[in-house]
Amino acid sequence: MHVIISHRNPCTLLAMTALVAVVACGKDSDEPFLLSGGGSSPSSPPTLEPDEKGVAARLEVPALKSGNTFVYHTTTEGGRKVMSYCLEFDPAKMHSRWVAFRFDGLTRPRSNVGRTEAWSDDPALPLSMHIGTNYFGSPYNRGHLCASYDRQYSFAANAQTFYMSNMSPQVGDFNAYYWTTLEQLVQDCGRSASFADTLYVVKGGYIDDTSDLKRSTAYPDGYLSRPNGKRMAIPSHYFMALLRVKGGSYTSIAFWTTNDSHGYSNGNYAPRSVVRQDAISVRQLEELTGIDFFHNLPDNIEKSVEATFDFNTWNI
């Protein structure tokens, strides 16, 4: 597990609407630390160690932002090092800017792990970035970004999803009955080898714009206080960016939704026909968040594949 500081390479965000199916120029692989073909911009400074460069070059990892801390977590499965997920932590907000991971031949299997409930601060972050494992307080749940059920291939991988760096203050009903529907969509797509050879996933709560934090009488500035004195940003919006590769072809979709119940509670889960209303293109999500997703794709492929989405492709 490593902590590094990196710099985000700015990109031009283009609004495009044509339906595109793009054929990859290289062969996708389940190799955990495969260096992708990459775009024209370097994904990290040249001073990084080789393993750190390898992680930053993975297709699921967005461009990094200066001043934040990049962390990745691995487990050893059958003698092989496997990355469970990585994240970019914003120390000023005490909240991850995004988490990224993939479903492939190594990480899509399900065992009988279930939920380990192994709550802890992230051991890869310095103590100054620990927020403690206590509950967030009403009305917020400790909401997983990389879901517990996203990492079911080993006990160790599941336990890592309970690091507090992977938690976000989500309205309880949103976390339980709306976000869960999106999580299950990702899991269904990711675990189906017939759907995708590899599914690349980025999730997060939007925190870059402090004017967009979720404010209330109890939290007037959009931050909640932790017992150790740290203050954590409360996102008003959450997002997902998905990139599917199947037979050498890439397709993508994104979601942007508010941190509210959306009217679902008490065992009444939002149907996919409702959450599909939050679907947008990855390019639109980049415009909303300022995050450069899937920037390690060759530029011509990235621009085309991020421009649009197709509901039929994504089973919603």
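In what follows, Ala, Val, Leu, Ile, Met, Phe, Trp, Tyr, Cys and Pro count as nonpolar, Asp, Glu, Lys and Arg as charged, and the others, Gly among them, as polar. The structure described here is a predicted model.

By this division, the lining of the largest pocket holds 6 nonpolar, 7 polar and 3 charged residues. The volume of this largest pocket is about 350 Å³. Its lining comprises 16 residues, of which Arg115, His144, Asn175, Thr180 and Glu183 are the closest to the centre. Two elements, strand 6 (140-144) and helix 4 (179-191), each contribute at least two residues to the lining of the largest pocket.

Attention may now turn to helix 6 and the residues on either side of it. Ser281 is located in the loop between strand 13 and helix 6. Residues count as buried when their relative accessible area is under 20%; Ser281, at 2% relative accessibility, therefore counts as buried. Leaving aside residues up to four places away in sequence, Ser281 is in contact with Ala254, Glu306, Ala307, Thr308 and Phe309.

Helix 6 itself spans residues 282-289, and its buried residues are Val282, Arg283, Leu285, Glu286 and Thr289. Viewed down the axis of helix 6, these buried residues fall within an arc of 160 degrees, and they therefore line one face of the helix. The buried residues of helix 6 pack against strand 5 (95-103), strand 11 (237-246), strand 12 (249-258), strand 13 (279-280) and helix 7 (299-305). After helix 6 comes Gly290, which has a positive phi, near 75 degrees.

Notes:
Residues numbered from 1 in each chain as written. Predicted model: local features only at pLDDT ≥ 70, side-chain atom pairs only at ≥ 80, totals over all residues. Heavy atoms only, no water. Buried < 20%, exposed > 50% of the residue type's maximum accessible area, 1.4 Å probe, protein only. Helix = DSSP H or I, 4+ residues; strand = E, 2+ residues; numbered from the N terminus. Arc of directions from axis to C-beta. Contact = heavy atoms within 4.5 Å. 1 Å grid on protein atoms, 1.4 Å probe; cavity = no way out; pocket = protein on both sides within 12 Å on 5 of 7 lines; lining within 4 Å. Points joined across faces, edges and corners; volume = space filled by probe spheres on them.
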